[in-house]
Amino acid sequence: MWRNANSEAWLNTWWQSRDTGYHDHQGSCVGVHVIEGAAWQEGLPVGGPRRTRRYGPGESFSFPGSGVHRMDHDAGAVTIHVYSPPIEAIGHYEIVDGELHRTAGPPDKGSPASPRLLDALNSIGR
């Protein structure tokens with residue numbers, strides 16, 4: 001939608017249900033506004049339960065540039081994401097050989113899901 005020295009905005013249309021996997025925005029904070037459908041947001045928990053929150057049409061949330069989170073979206077959801085400063089890269093998180101790894105990727109390529117990391121988090125407390 002726009003990009004200047006201080007921020008940029010993206011209009012995202014989620015044609016299919018989509019789990020972004022755990023990722024960071026390499027220092028850019030983000031504000032998200034849901035226009036249509038629903039989106040779920042969850043920070044990466046350490047030493048506590050998972051906390052996922054659902055946002056519907058007209059609702060907004062933000063996430064700090066220092067954080068790691070994941071989102072999931074309903075098929076047909078429409079969201080606006082505003083990043084400040086403009087997002088330069090995304091770090092993707094997954095468990096590889098029993099250890100947490102971060103892989104850097106470009107901001108305009110979809111981040112992969114984190115199935116092994118989700119399985120590990122779901123197994124805590126069982």
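Is Glu8 buried or exposed? Glu8 is buried, since its relative accessible area is 6%; buried means under 20%, exposed over 50%, and partly exposed in between (1.4 Å probe, protein chains only). The model here is predicted, so local features need pLDDT of at least 70, side-chain atom pairs count only at pLDDT 80 or more, and totals for chains, interfaces and linings use all residues. Residues are numbered from 1 along each chain as its sequence is written, and side-chain values use heavy atoms, with hydrogens and water left out.

Now for the charged pairs. The whole structure holds six salt bridges, each being a side-chain nitrogen of Lys or Arg within 4 Å of a carboxyl oxygen of Asp or Glu. One of them joins Glu8 to Arg3, with the closest N and O atoms 3.1 Å apart. Arg3 counts as partly exposed, because its relative accessibility is 48%.

Arg70 turns up in two bridges. With Asp19, its closest N and O atoms are 2.9 Å apart. That pair links distant parts of the chain, as Arg70 sits in strand 9 (residues 69–73) and Asp19 in strand 3 (residues 18–19), 51 residues apart; strands are DSSP runs (E, at least two residues), numbered from the N terminus. Arg70 also meets Glu42, at 2.6 Å from N to O. Glu42 lies in strand 6 (residues 39–43), so this pair ties together parts 28 residues apart in sequence. Arg70 is buried because its relative accessibility is 9%, and Glu42 is buried because its relative accessible area is 0%. Through shared partners, salt bridges join Asp19, Glu42, Arg50 and Arg70 into one network.

Methods. Helices (H or I, at least four residues) and strands (E, at least two) are DSSP runs, numbered from the N terminus.
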